[in-house]
Amino acid sequence: MSVSCVCVLTDTFPGRQEKNQYMNVDFDKTNGLVPVIIQDKQTLEVLMLGYMNREAYDKTVAERIVTFYSRSKERLWTKGETSGNFLHVDGIHIDCDNDTLLIKVKADGPTCHTGSRSCFKTDYNHNFIFELENIVADRYTNPKEGSYVNKPHSKGLNKIAQKVGEEAVETVIAALNETETDMVNESSDLVFHLLVLLREKGLDLERIARNLEERHR
């Protein structure tokens, strides 16, 4: 079993991190181009695969926006340069052979040119709860008239917490006395309102996941 060697691009001492990581990327092994896997930083969904040469890599590191080398256009190509759906770099990881990159990103919109969130067509979005968390966050930042998220938000923390309690009780009742469909619906309501409560408190699912991971150990 191989062990991945990981270098992560961060904002801490960026010059040193970028230099070390640059020196580790073996462009010569793959004739000047390395494959780059693009992954959503939150859902961990694989969004696309592209290629970088040294220039594209340097531009990506410097601007924190993913730029590829387009083999068909034979030039640098910044993802989103025409659509506006840029890929903002959260971290760059290198594999154990130093010839493949994994870049975690925050995507401005659909990644695929077809309008899909990913170039890989999965049966359904396994990570929609994380996507929903992003929608909730966006509604807080950019309120939309008629959005259900804005209704509890406008009522404040006490009302949101009360709603979570009500949905929890209804979920228990559904589990004990109602149908499977009722159970699914009530559980969905509970999760949604919990996401709103977390956002209201300035927390997110990543914080919860890390806590659960630590407690599991």
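What share of the 217 residues in the chain is buried? Buried residues make up 32% of the chain. The model described here is predicted.

## Overall make-up

The secondary structure of the chain consists of seven helices and six strands. Read from the N terminus, the elements follow the order α-β-β-α-β-β-β-β-α-α-α-α-α. Among contacts in the chain with a separation of 6 or more, 51% are between residues 24 or more positions apart.

## The four-stranded sheet

Four strands make an open sheet, in the order S2-S1-S6-S5, and the pairing is mixed. Strand S2 (46-52) and strand S5 (87-94) are at the edges; each has a single partner strand, so one side of each lacks a neighbour in the sheet. From one strand to the next, the twist averages 30°.

Strands of a sheet pair through backbone hydrogen bonds, and the pairing may be parallel or antiparallel. Strand S1 (residues 34-40) and S2 run antiparallel and are joined by six bridges. Within this pair, Ile38 stands opposite Met48 in S2. S1 and S2 form a hairpin with five residues between them, and Leu44 in the turn has a positive phi of about 65°.

## The S3-S4 hairpin

Strand S3 (residues 67-70) and strand S4 (residues 75-78) run antiparallel and are joined by four bridges. Ser70 has Arg75 in S4 as its bridge partner. The hairpin of S3 and S4 has four residues between the strands. Glu74 is found in this loop, and its phi is positive, near 55°, although the residue is not a glycine. Is Glu74 buried or exposed? Glu74 has a relative accessible area of 62%; the cut-off for exposed is over 50%, so Glu74 counts as exposed.

| Strand pair | Bridges | Direction |
|---|---|---|
| S1 and S2 | six bridges | antiparallel |
| S3 and S4 | four bridges | antiparallel |

## The loop between S5 and S6

Asn98 lies in the loop between S5 and S6. Asn98 is not a glycine, yet it has a positive phi of about 65°. With 25% relative accessibility, Asn98 counts as partly exposed.

Thr100 is found in the loop between S5 and S6 as well. Not counting residues up to four places away in sequence, Thr100 touches Pro35, Ile37, His93, Ile94 and Asp95. Thr100 and Asp26 are 74 residues apart in sequence, and their C-alpha atoms are 8.5 Å apart in space.

An α-helix has 3.6 residues a turn, so residues three or four places apart point the same way. In H6, the buried residues are Glu186, Phe192, His193, Leu195, Val196, Leu197 and Leu198. The buried residues of H6 pack against helix H3 (128-141), helix H4 (150-155), helix H5 (157-177) and helix H7 (205-216). After H6 comes Gly202, with a positive phi near 75°.

Asn150 lies in helix H4. Its relative accessible area is 15%, and Asn150 is buried. Leaving aside neighbours within four places in sequence, Asn150 is in contact with Arg139, Pro143 and Lys144.

## The largest pocket

How much space lies in the largest pocket? The largest pocket holds about 1,100 Å³. It is lined by 33 residues, and the closest to its centre are Asp40, Lys41, Gln42, Thr43 and Asn134. The elements that give two or more residues to the lining are S6, H3, H6 and H7. The largest share of the lining, eight residues, comes from H3.

Conventions:
Residues numbered from 1 in each chain as written. Predicted model: local features only at pLDDT ≥ 70, side-chain atom pairs only at ≥ 80, totals over all residues. Heavy atoms only, no water. Pairing = 2+ DSSP bridges. Axes fitted to C-alpha atoms, helices over the stretch in contact; angles between N-to-C directions. Buried < 20%, exposed > 50% of the residue type's maximum accessible area, 1.4 Å probe, protein only. Contact = heavy atoms within 4.5 Å. 1 Å grid on protein atoms, 1.4 Å probe; cavity = no way out; pocket = protein on both sides within 12 Å on 5 of 7 lines; lining within 4 Å. Points joined across faces, edges and corners; volume = space filled by probe spheres on them.
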